Amino acid sequence: MTIQTKPPAAASVRASNALPDPVAIRLTILDMLYRAKASHLGSSMSVVEMLVAIYGSTRVEKIRDRAPDRSRVIVSKGHCAAATYATMGHFGIIPMALLDTYHTDHSLLAGHVSHAVSGVEHSTGALGHGINVAVGCAIGLRARKVENATALALVGDGEIQEGSVWEALMLASHLKLNNFVALVDNNRISSITDTAKVLDMRPLAQRFAGFGLGVREVDGHDVTAILSAIRELTAGDRPGIIVCNTIKGKGVPFAEDQPIWHYRSLNDELYAEAKAALVAAARRA
Amino acid sequence: MRGQIIDAVFERMARNADVFFLTADMGINLVEKFAEKYPARFLNVGIAEQNLVGVSAGLANLGFRPFAYTISNFVVHRCFEQIRNDIGIHDYPIVLLGTSTGYDNAPLGPTHHIIDDWGALKAIPEIDIYCPSSVSYAGFLVDHLLNTGRPAYVRIPKGAYKTPASTDHVVMLPGGRQDTILVSYGTCAQDCLAAQSRDPALAVLVVNRLRPLDEEKLADALAPYRRIIVVEDHFPSTGLYGSLCEVLVRHSLRGGLHTLAPRDYALDVGTSNAYFHKKHGLDVESILAAAALH
């Protein structure tokens with residue numbers, strides 16, 4: 001199978017005003033997961049626009065070059081590694097060819113994000129870790145007097161059941177860290193069933209507001225809306241959190257809103273079906 | 001020794017702009033000066049130890065050298081996963097300063113008995129582990145930690161012990177004859193030194209750095225002895241006794257290795273660590289009796 005997307009040349013960073021096409025990224029993710037017979041299709045597909053907006057809000061060349069004054073992107077829900085690496089590839093932070101090694105022997109691209117991959121700030125996988133590290137980065141950026149850089153954490157709506165997440169939010173709020181923004185992938189499905197059936201946290205936005213955060217709630221598949229929310233929040237006087245309403249498995253009809261696609265891998269038939277759906281979506285776009 | 005270490009960190013902050021001090025709301029009348037003099041490099045994260053470690057990792061990402069302070073059991077046991085993932089896997093030069101060891105908090109009950117802390121961290125290869133046995137070593141330690149730049153846990157006993165007045169990781173205090181040697185660290189080293197003063201024939205080996213062990217030096221020191229008694233306020237299998245079992249096997253040493261250590265958690269109340277040292281055979285009389293018995 002070949003990747004039919006048109007990615008940028010290896011390690012050449014895109015201009016910040018030309019964001020990668022989410023459908024092209026989904027096609028890349030699909031190929032990575034199919035080749036590797038890997039899981040986490042659902043959560044990888046739900047976060048694509050969020051990742052595009054997150055990296056799109058930063059100076060990605062600084063992330064690629066490990067500049068000290070770069071923004072820190074922490075993918076706290078580390079199981080969306082395929083989406084993270086694919087997005088980094090489309091932004092030119094890592095070479096696209098590297099994606100071919102996902103989930104293979106001797107590769108550094110494991111099923112959860114790893115700082116062994118250049119451009120990744122922090123290895124995650126156990127939930128409720130990355131957001132705390134991101135708050136530490138925000139404190140560090142402030143202590144270093146770094147302007148125009150933010151600490152951005154991508155967390156899952158199941159992940160926020162971890163108590164450590166709220167420790168991070170309490171501190172961010174107390175310190176009024178307006179250089180910190182968390183984005184919640186509110187796909188409403190956690191590990192094995194609907195998030196609300198496990199622990200009903202609705203209305204999420206009000207819970208976060210009660211912790212003193214600046215809150216926005218947006219369509220999590222609208223890059224422009226997420227980008228606007230990030231910019232508004234970082235211009236404010238307190239840490240921000242964006243509830244991004246998403247569809248788990250977005251773009252792959254048989255996987256949308258289906259908890260089992262946290263675990264299942266693609267066979268030939270389902271891969272072809274998924275690819276046809278994504279290619280059709282690309283044509284419509 | 002807590003004061004020596006905290007003061008040393010405070011002093012180094014004047015010279016090293018990367019040193020960052022964090023506390024999980026512990027250290028009354030001790031940490032306030034950090035907030036006053038270095039407000040940008042001091043942080044009380046609140047009673048939130050998981051966040052203490054995670055935030056420290058974020059600061060390390062920015063190039064800071066975090067010293068994270070709270071009571072030993074709070075940071076080690078609650079934060080094992082954070083220490084493994086956010087410090088160990090990343091090899092971040094974060095120093096966990098854990099105050100209290102063994103039965104320092106004796107009457108506070110078993111949740112505050114720190115007898116299984118460093119053994120838990122021994123399972124994480126990246127974390128260096130120290131337990132200063134004297135103010136001399138405590139005073140030396142902060143510079144050593146800054147120089148090594150390694151992830152570390154410092155188990156800080158209550159008490160300001162003047163002996164052994166050495167900054168060596170391993171301190172040999174020979175006895176009158178090469179027969180029996182006591183091996184210990186932290187507060188229990190004092191019991192061993194007191195036993196030696198009663199029976200000068202006993203040798204004492206004090207180990208200030210518990211990992212990495214100075215294995216060659218230890219093997220050379222222990223080789224002549226027929227009886228090696230490890231005295232520690234920590235469970236033996238995961239403590240120094242366990243570590244020395246490996247050393248003796250690796251170096252084909254034939255000395256008999258014996259342990260004086262707690263074996264389980266205590267629900268009975270003791271008002272000082274003397275109560276529990278006596279109960280578990282860590283007091284001077286028990287040490288002398290064990291030395292005579294073996």
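The model is a predicted one, and chain B in it is divided into domain 1 (2-156) and domain 2 (170-293). The largest nonpolar core has 177 residues, and those with the most contacts inside it are A134(A) and V135(A). Both domain 1 (2-156) and domain 2 (170-293) of chain B give residues to this core, so the core lies between them.

**Backbone features**

- A cis peptide bond also runs from T163(B) to P164(B), with omega near -5 degrees, and P164(B) is found in the loop between β6 (152-156) and β7 (170-173) of chain B.
- In chain A, H106(A) has a positive phi of about 75 degrees although it is not a glycine, and its place is in the loop between α5 and α6.
- H106(A) counts as exposed, because it has 5 C-beta neighbours inside 10 Å.
- R188(A), which is not a glycine, has a positive phi of about 65 degrees, and it is found in the loop between β3 (180-186) and α8 (195-198) of chain A.
- With 19 other C-beta atoms within 10 Å, R188(A) is partly exposed.
- Just after α5(A), G92(A) takes a positive phi of about 85 degrees.

**The two domains of chain B**

- The C-alpha centres of domain 1 and domain 2 of chain B lie 26 Å apart, and 21 residues of domain 1 are in contact with 27 residues of domain 2.
- On the side of domain 1 of chain B that touches domain 2 of chain B, α6 (117-121) and β5 (128-130) each supply at least two residues, and the largest share, three residues, comes from β5(B).
- The residues of that side of domain 1 of chain B divide into 11 nonpolar, five polar and five charged.

**Where chain A meets chain B**

- The contact takes 23 residues from chain B and 23 residues from chain A.
- On the side of chain B that touches chain A, α3 (49-61) and α5 (80-88) of chain B each supply at least two residues, and α3(B) gives the most, with nine residues.
- The residues of this side of chain B divide into 10 nonpolar, 10 polar and three charged.
- G54(B) has its place in helix α3 of chain B, and it counts as buried because it has 31 C-beta neighbours inside 10 Å.
- Leaving aside neighbours within four places in sequence, G54(B) is in contact with H129(A), N132(A), V133(A), G136(A), S164(A) and A168(A) from chain A, and with Q82(B) and D86(B) from chain B.
- G54(B) and C79(B) are 25 residues apart in sequence, while their C-alpha atoms are 9.3 Å apart in space.
- A134(A), when residues up to four places away in sequence are not counted, touches R72(A), I74(A), A151(A), L152(A), A153(A) and F180(A), as well as G58(B).

**Helices α1 and α11 of chain A**

- The axes of helix α1 (residues 22-36) and helix α11 (residues 268-284) of chain A come within 9 Å and cross at roughly 170 degrees, which makes α1(A) roughly antiparallel to α11(A).
- From α1(A), the residues V23(A), A24(A), R26(A), L27(A), L30(A) and Y34(A) meet Y271(A), A274(A), K275(A), L278(A), A281(A) and A282(A) of α11(A).
- The residues of this contact divide into 10 nonpolar, no polar and two charged.

- Among the buried residues of α5(A) are T84(A), Y85(A), M88(A), H90(A) and F91(A).
- The buried residues of α5(A) pack against α1, α2 (41-46), α3 (48-56), α4 (60-64) and β1 (72-75) of chain A.
- V120(A) is found in the loop between α5 and α6 (130-143) of chain A, and it counts as buried because it has 24 C-beta neighbours inside 10 Å.
- V120(A) and Y85(A) are 35 residues apart in sequence and 9.0 Å apart in space, C-alpha to C-alpha.
- Not counting residues up to four places away in sequence, V120(A) touches V113(A), S114(A) and H115(A).

Methods. Residues numbered from 1 in each chain as written. Chains lettered and ligands numbered in written order. Predicted model: local features only at pLDDT ≥ 70, side-chain atom pairs only at ≥ 80, totals over all residues. Core = buried A, V, L, I, M, F, W, Y, C linked by C-beta atoms within 7 Å. Buried ≥ 20, exposed ≤ 12 C-beta atoms within 10 Å, placed from the backbone. Domains from an automatic or database assignment. Contact = placed C-beta atoms within 7 Å. Helix = DSSP H or I, 4+ residues; strand = E, 2+ residues; numbered from the N terminus. Nonpolar A, V, L, I, M, F, W, Y, C, P; charged D, E, K, R; others polar. Axes fitted to C-alpha atoms, helices over the stretch in contact; angles between N-to-C directions. Parallel < 35°, antiparallel > 145°, perpendicular 65-115°, else oblique.
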